[in-house]
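Colleague: I am new to this one. Please show me the model, then let us go through it.

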Amino acid sequence: MALSFSQTSLSITQKYFPSKTPTTKSTILNLLSYKPHNLNKFSTISKPNSFSLTITKLSKNPKPKSHLQPVRSLFTGIVEEMGTVQSLGDTKDGGFDLKIEAKTVLEGVHLGDSIAVNGTCLTVTDFTNEDFTVGLSPETLRKTSLIELKTGSLVNLERAVQPDTRMGGHFVQGHVDGTGVIVEKEPEGDSLWIKVKADKGLLKYIVPKGFIAVDGTSLTVVDVMEEEECFNFMLVAYTQQKVVIPLKEVSQKVNLEVDILGKYVERLLSSGFVDSFKGSS
C-alpha cells in the first residue's frame, strides 16, 4: 500500500509486490523534498506526490515449514505407568521387537514417538489401542537389562516430555550408561533400602544426594560405598507401588543412567578448558 501526500491532496494507491521468497513485513519511509504546509483540503488522486509511505505486504505464499523436528527424547524420570510385556523376540527381517501392553502412554501416541522402557529411550514402530511395539538394536540389548525381560514382565514407562510438562524429576535422556546389580534389599518402616553394585566407570559419576535414573526412575543417591563399588537409595511406600524396582530380586540387573552434568564437567576438565582460563589470567 502506498500513501502519497501533497499540499492539497491525499492519494492512496494499493500495490502488491509479489516475491518468490517470502519476506517479513517492512516499512520504508521515503522523504524526498517534502515541505510542511497546511493540509486544508484533501482530494483523492491517482498520482503520488513528494511524500510517500510504502508498506510491503507478506506474500500470499506461506513460508515452507522447517523439516527439522523438535527434540523429543528427553524424560523426567517420573514413571507414568507400569506396562506388561506381551511378547519379545527376533523378527523375520533379523530385528528384535518388544510388544508392551499399556494405557496411559498410548494417549496421543504416534509412529516414531519416543517412549522410555525401563529408562531406555525406544521408538514406537507400531501400536493399537491396547499396546505398542518398539524395536531393539543389538547395542541396546548389550547395554541394558531389557534382554532379561520375558512375557508377563512389568516395565516402567514414560513418554518424552512436552513443552508444558512439569519437571518433577531431573533431565533423563533415556541413554542407558550401563547396568547395575541389586545386592541388597532391606525394609525400614514402610520404606525400602536398595543397594546396587555398579561398574567403577559409572560409580565415579555417582555422588551422595545426587541424581541417578534406575530403570528410568529419577532417584536421589543416599550414599556411595567406594570400597564395595556400590551405592544405595531409599524408596518410599508410594514409589514402591508405582515402579518395578521393588519387584526385582537380589542379583537382578537394573538400568543405570548417571547425571549428564557430571560427564560434561569431566569432559571440560580433561580438554584443558579450565587451564586455558588460568593461562590467560
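**The largest cavity**

Modeller: Phe-75, Val-79, Ala-116, Val-117, Asn-118, Gly-119, Asn-156, Leu-157, Glu-158, Val-172, Asp-215 and Gly-216 line the largest cavity. A cavity is a set of points on a 1 Å grid over the protein atoms alone where a 1.4 Å probe fits but cannot get out, and lining residues have an atom within 4 Å of a point. This is a predicted model: local features need pLDDT of at least 70, side-chain atom pairs pLDDT 80 or more, while totals for chains, interfaces and linings use all residues. Residues are numbered from 1 along each chain as its sequence is written, and side-chain values use heavy atoms, without hydrogens and water.

Colleague: Which strand gives the largest share of that lining?

Modeller: Two elements give two or more residues each: strand 7 (114–117) and strand 10 (154–159). Strands are DSSP runs (E, at least two residues), numbered from the N terminus. The largest share, 3 residues, comes from strand 10.

Colleague: Is Thr-217 buried or exposed?

Modeller: Thr-217 sits in strand 14 (residues 217–220). Its relative accessibility is 3%. Buried means under 20% relative accessible area, exposed over 50%, with a 1.4 Å probe and protein chains only. Therefore Thr-217 counts as buried.

Colleague: Which side chain does the side chain of Thr-217 join in a polar contact?

Modeller: A polar contact is a pair of N or O atoms within 3.5 Å, one able to donate a hydrogen and the other to accept it. Here the distance is 3.3 Å, and the partner is Asn-156.

Terms used: Helices (H or I, at least four residues) and strands (E, at least two) are DSSP runs, numbered from the N terminus. On a 1 Å grid over the protein atoms alone, a cavity is a set of points where a 1.4 Å probe fits but cannot get out, and a pocket is an open set with protein on both sides within 12 Å along at least five of seven lines; lining residues have an atom within 4 Å of a point.
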